[in-house]
Amino acid sequence: MSRVRYYRDLVGVLLVKELKLRYKLTVLGYAWSVLHPLAFALVYFLVINRVMRVGGVDFLSILVTMFPWQWFQNSVTASNNFFLGNCTLIKKVCFPRSTLVLAGVLNDAVHFVASIPVIVIFMLLLGTAPAWAWLIQIPLLVAIQLAFTLGLALAVGTTNLFFRDLERMTAIVTMLWFFATPVLFRTEMLVPAGLEWMLYVNPMAPLIECWRRVFLDGVLPLRLAALAAAWAALAAWAGARIYRHHEWRFAEIV
């Protein structure tokens, strides 16, 4: 029990450090957690609904999937420096290095949660009301995405210590991954085109579709949620295995 409390307190301290560092010397401070997604949403609203006026392009459908994707992309991209950026701490202090990754991923998770009120505001403006089922559905999806993102971030952060080209490769892979994931389009568009297999081979596809269905319909598709959870379990297992296999070399590599 004491070990769990120590791990929890350590993650809490590192998370607060990450949040303070993110808004250091800023005037508005933590208000940026809401202002940034709000500005992002306004830009998308103006471009899609007022400038492009493209038929079939649903602003709200894109908005509710863009924010969880940003959490995933930001965490995976930043994971290249979770260990390298704390090299002094790793060399001088003995502690579970995985907490650095967990704190970094939780940092982006906090900002995702802060973006949910922005989604609610635009839903109300567009005539859609939140569902009470969110109280169960959203925490469940947050837990699944946290597990998947954490596992991938552990793998990327660890591998980048030994293969520094991975940082550049991660940016390219996540960009291609974005266009292969149903963020800018609905999964219904895959079925008539014979591309429904993308829902199964793309780990983020079922999760993003779950976010869309929960926010827009208040319904969690259990089959897709189970598939997303399976991918999350696999990623968490693989990431933890890679990390544990190389952790003993961290101090001499960073």
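**Exercise 1. Work out which residues hold α3 against α7, and how the two helices are oriented.**

Start with the contact, meaning heavy atoms within 4.5 Å. On the α3 side you'll find Met66, Trp69, Phe72, Gln73, Val76 and Thr77, and they meet Thr170, Thr174, Met175, Trp177 and Phe178 of α7. Sorted by class, that contact has seven nonpolar, four polar and no charged residues. (Ala, Val, Leu, Ile, Met, Phe, Trp, Tyr, Cys and Pro count as nonpolar, Asp, Glu, Lys and Arg as charged, and the others, Gly among them, as polar.)

A quick word on the model: it's a predicted one, where local features need pLDDT of at least 70, side-chain atom pairs count only at pLDDT 80 or more, and totals for chains, interfaces and linings use all residues. Residues are numbered from 1 along each chain as its sequence is written, and side-chain values use heavy atoms, with hydrogens and water left out.

Next, the geometry. Helix α3 covers residues 59–78 and helix α7 residues 166–179; they pack at about 160°, axes 10 Å apart. That makes α3 roughly antiparallel to α7 (over 145 degrees; under 35 counts as roughly parallel, 65 to 115 as roughly perpendicular and the rest as oblique). Axes here are lines fitted to C-alpha atoms, for helices over the stretch in contact, and angles run from 0 to 180 degrees between N-to-C directions. Helices themselves are DSSP runs (H or I, at least four residues), numbered from the N terminus.

**Exercise 2. Find the angle and axis distance for α3 and α5, then sort their contact by class.**

The angle is about 170°, and the axes lie 8 Å apart. So α3 is roughly antiparallel to α5. The contact residues divide into 14 nonpolar, four polar and one charged.

**Exercise 3. Describe how α6 and α10 pack.**

Their axes come within 7 Å and cross at roughly 30°. That makes α6 roughly parallel to α10. Among the residues making the contact are Phe148 and Gly151 of α6, plus Trp231 and Gly239 of α10. By class, the contact of α6 with α10 has 17 nonpolar, five polar and no charged residues.

**Exercise 4. Say what lines the second largest pocket.**

A pocket is an open set of points on a 1 Å grid over the protein atoms alone, where a 1.4 Å probe fits, with protein on both sides within 12 Å along at least five of seven lines; lining residues have an atom within 4 Å of a point. Twelve residues line this one, with Ser98, Leu150, Leu154, Ala240 and Arg244 nearest its centre. At least two lining residues come from each of α5 (98–125), α6 (134–162) and α10 (222–246). Eight of the lining residues are nonpolar, two polar and two charged.
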